[in-house]
Amino acid sequence: SSYPAAQTLLDRSKVQAIAGDRIVLSNLAQHNSQYLFYPIPLTVQPLAIALPKGVNYESLRHAVNQTLQQWQREGGLETQRRRWGLP
């Protein structure tokens, strides 16, 4: 029902593996040396940022866009892509 529940089952040897979001599982493996992360995608799902609708949030949308553009220019998005093992 959740990643913590799946991790508990894995730790207790109730399951042999878990499948899920690549970023979440990669992070679990980075913080738990007993886990082996297989970066073989079962599906390719694009990542997105969800923001509230409406003109009240225009400044938030602008700030997010500006930040993403800056990270793209500076190579930060590519660094995170490699760190998270994304295609």
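The legends below describe close-up views of a predicted model.

**View 1. The buried face of helix 2.** Helix 2 spans residues 22–31, and its buried residues are Arg22, Leu25, Ser26, Leu28 and Ala29. Seen down the helix axis, these residues fall within an arc of 160 degrees, so they line one face of helix 2. They pack against helix 1 (3–11) and helix 4 (76–84).

View 2. Serine 26 sits in helix 2. Its relative accessibility is 8%; the cut-off for buried is under 20%. Serine 26 therefore counts as buried. Leaving aside residues up to four places away in sequence, serine 26 touches Phe37, Arg83 and Trp84.

View 3. Serine 2 caps the N-terminal end of helix 1. A side-chain oxygen of serine 2 lies 3.2 Å from the backbone nitrogen of alanine 5. Alanine 5 belongs to helix 1 and is partly exposed, at a relative accessible area of 29%. At the start of helix 2, a side-chain oxygen of aspartate 21 comes to within 3.0 Å of the backbone nitrogen of isoleucine 23.

**View 4. Just after helix 1.** Here serine 13 adopts a positive phi of about 60 degrees.

**View 5. Alanine 5 and tryptophan 71.** These residues are 66 positions apart along the chain. Their C-alpha atoms are separated by 34 Å.

View 6. The side chains of glutamate 58 and arginine 61 form a salt bridge, with an N to O distance of 2.2 Å. The two residues are three apart in helix 3, which means a separation of about one helical turn. Glutamate 58 is partly exposed at 36% relative accessible area. Arginine 61 is also partly exposed, at 37% relative accessibility.

View 7. Salt bridges link Glu78, Arg81 and Arg82 in a network. For arginine 81 and glutamate 78, the closest N and O atoms are 2.6 Å apart. For arginine 82 and glutamate 78, the corresponding distance is 3.3 Å. Arginine 82 and glutamate 78 are four residues apart in helix 4, about one turn. Arginine 82 is exposed, with 52% relative accessible area. Arginine 81 is partly exposed at 28%, and glutamate 78 is partly exposed at 35%.

**View 8. A nonpolar surface patch.** Ile49, Leu51, Tyr57 and Leu60 form this patch. Together they have about 340 Å² of accessible area. Tyrosine 57 lies in the loop between helix 2 and helix 3 (58–74). Tyrosine 57 counts as partly exposed, at 37% relative accessibility.

Note on methods. Residues numbered from 1 in each chain as written. Predicted model: local features only at pLDDT ≥ 70, side-chain atom pairs only at ≥ 80, totals over all residues. Heavy atoms only, no water. Buried < 20%, exposed > 50% of the residue type's maximum accessible area, 1.4 Å probe, protein only. Arc of directions from axis to C-beta. Contact = heavy atoms within 4.5 Å. Polar contact = N/O pair within 3.5 Å; in protein donor to acceptor, adjacent residues only side chain to side chain. Patch = residues over 30% accessible without salt bridge, like charges linked within 9 Å, V, L, I, M, F, W, Y side chains within 5 Å. Areas by Shrake-Rupley, 256 points an atom, 1.4 Å probe, with all protein chains shown as cover. Salt bridge = Lys/Arg side-chain N within 4 Å of Asp/Glu carboxyl O.
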